[in-house]
Amino acid sequence: MSFHSDYEFHENYYDHYNDSSNYSYYDEDFEDYHTVCDKSDVRSFAGLFLPVVYSLALVVGLAGNSMVVFIYLFHKCLRTLTDVLILNLAFADLLLLFTLPFWAAGAMNGWEIGVVACKITAALYTINFSCSMFLLAFISVDRYRALAQGSSTYTRSPEKPRRQRLIPCLLVWTAAFMFGLPDFFFTTVKQHSSGHKSCRAVYPHSMAQAAKASLEFLEVSLNFLLPFLVMMFCYYQVGKTLSQTATTGMREVQRWKAFRVLIAVVGVFLLTQLPYNIVKLIRTIDIIYSLVTSCEVSKGLDQATQVTESLALTHCCLNPILYVFIGSSFKVHVLKIAKRYGQTGRLCHQESRQPPRVEITLKTQAHTNSNAYSESDEEQTSTFTI
C-alpha cells in the first residue's frame with residue numbers, strides 16, 4: 001500500500017454503522033451510503049498544503065542527497081559497508097523524492113496521467129520509503145558490529161568486502177520491492193461521483209478490510225517499530241561504550257559531542273516517524289473495529305494523516321545531515337572539492353593528517369599513535385563519524 005496515498009483511502013470514507021456488515025472500505029464512495037460525509041474541505045486542504053510541503057522537501061532533499069551521491073561515486077569514497085549503505089540510502093531518498101511532483105499534481109488537480117503512472121509511482125514511493133527505513137537499521141547494525149569487534153567490519157581480503165557490501169544491499173532492496181508489490185497490483189485511478197480522480201488502492205470486496213488492516217499493521221511493524229528497536233539497541237551499546245572511554249584518553253567534550261549525535265539520530269527518527277505511525281495504528285484499529293462513526297472525526301483523521309505523513313517525509317531531507325555531513329572525514333572531502341575542484345586524484349586517499357574527530361567505530365582511538373594513521377588503517381576507517 002502506498003505510503004503517500006493513505007489519506008486517499010480514508011478520504012471518501014464515512015462508516016455507515018447501521019450496515020457495517022456490508023461495508024467496503026475501498027470499493028464504495030461515501031455517496032453510496034445513506035449517511036453522507038462531505039470531504040471537499042479535506043481535498044481543498046490537501047490541494048494547498050501538500051504541494052507546498054512536497055516542493056520544499058524536493059528542493060532540500062534533492063540538494064543534500066545529490067551531494068552525497070556525487071561525493072561517493074565520483075570521488076570513489078566507498079571504503080566500508082556503512083559508506084555503501086549511506087549511498088544506497090541517498091539513492092532511495094532521491095527516487096522517493098522524484099515521485100513527489102506527481103503526488104502534488106494529483107492533490108491539486110486530481111490524478112490525470114493514467115493508471116500505469118499511478119501504479120508505478122505508488123509502488124516506487126512505497127519501495128523507496130521502506131528501503132530508507134531498512135537501511136537506517138542496517139547502518140546502526142554495521143556500526144554496532146564495528147564497535148563490538150573493536151575494528152573495521154572488513155578483513156583485508158579484497159573479495160570478502162565486496163560480498164559483505166553486496167549482500168545487505170540486496171536484502172534491503174529485495175524486501176522493499178516485495179513491500180511495494182501490493183501497490184503495483186492493486187493501486188489504480190478511481191473516479192468519484194464528484195469527478196475527482198485519485199490514485200489509490202482498490203481491493204476486491206471480499207478481501208478489502210482484511211487486506212487493508214494487515215498492510216497497515218505490517219507497515220507500522222516493519223517500517224517503524226523494527227528499525228526503531230534495532231537503532232535503539234545498537235546506539236545504546238555505542239553510547240554505553242562511549243561512556244566508558246574515559247580511560248582511553250577521549251576528552252569529555254568529544255564524548256559529549258558523540259552523545260549528541262546519537263541522540264539526534266534517534267530523536268529525529270522518533271520526531272518524524274512516530275506521529276504518522278500512531279495515526280496509522282489508530283486507523284488500523286478503526287478498520288478492524290469500525291470505531292469512527294462521526295464525520296468530523298473522520299475528516300480530522302484524514303487531515304492528521306496528511307500532516308503527519310508530510311512530517312515523516314522530511315526524514316529524506318535530514319538523512320544527509322544525520323548520516324553523512326556530521327562525519328568529519330566526509331566534511332574533509334567536501335571542503336577539498338570546494339577548494340580544489342577540477343584537480344585529478346582520489347580524494348579519499350588524501351586524508352588530512354590532523355588528529356581525527358571522534359569516530360563511531362572507536363577503532364584506533366586507544367591503540368594508535370597520536371601523530372598519524374597508516375595507509376591501511378585509513379582505508380579501513382568509515383566516513384560515518386561522530
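Helix 4 (residues 100-109) and helix 5 (residues 115-149) pack with their axes 10 Å apart, at an angle of about 125 degrees. This is a predicted model, where local features need pLDDT of at least 70, side-chain atom pairs count only at pLDDT 80 or more, and totals for chains, interfaces and linings use all residues. Residues are numbered from 1 along each chain as its sequence is written, and side-chain values use heavy atoms, leaving out hydrogens and water.

A few terms used below:

- Helices are DSSP runs (H or I, at least four residues), numbered from the N terminus.
- Axes are lines fitted to C-alpha atoms, for helices over the stretch in contact, and angles run from 0 to 180 degrees between N-to-C directions.

**Helix 4 with helix 5**

- Helix 4 and helix 5 are therefore oblique to each other (under 35 degrees is roughly parallel, over 145 roughly antiparallel, 65 to 115 roughly perpendicular, and the rest oblique).
- Their crossing is left-handed, meaning the near helix is turned anticlockwise from the far one by less than a right angle.
- Leu-100, Phe-102 and Trp-103 of helix 4 meet Thr-121, Ala-122 and Tyr-125 of helix 5 (contact means heavy atoms within 4.5 Å).
- That contact has 5 nonpolar residues, 1 polar and no charged (Ala, Val, Leu, Ile, Met, Phe, Trp, Tyr, Cys and Pro count as nonpolar, Asp, Glu, Lys and Arg as charged, and the others, Gly among them, as polar).

**Helix 5 with helix 7**

- Helix 5 and helix 7 have axes that come within 9 Å and cross at roughly 20 degrees, which makes the pair roughly parallel.
- Helix 5 passes helix 7 in a left-handed crossing.
- On the helix 5 side, the contact residues include Phe-129, Met-133 and Tyr-144, while helix 7 brings in Leu-222, Pro-227 and Thr-241, among others.
- The contact of helix 5 with helix 7 splits into 17 nonpolar, 5 polar and no charged residues.

**Helix 7 itself**

- Helix 7 (residues 208-243) has a kink of about 30 degrees at Leu-225, shortly before the proline Pro-227 (the bend is the angle between axes fitted to the seven residues ending there and the seven starting there).

**Helix 2 with helix 9**

- Helix 2 (residues 40-74) and helix 9 pack at about 5 degrees, with axes 10 Å apart, so they're roughly parallel.

**A loop to look at**

- Ser-290 sits in the loop between helix 8 (252-289) and helix 9 (295-313).
- Phi of Ser-290 is near 50 degrees, a positive value in a residue other than glycine.

Notes. Helices (H or I, at least four residues) and strands (E, at least two) are DSSP runs, numbered from the N terminus. The expected span of a helix is 1.5 Å times one less than its number of residues.
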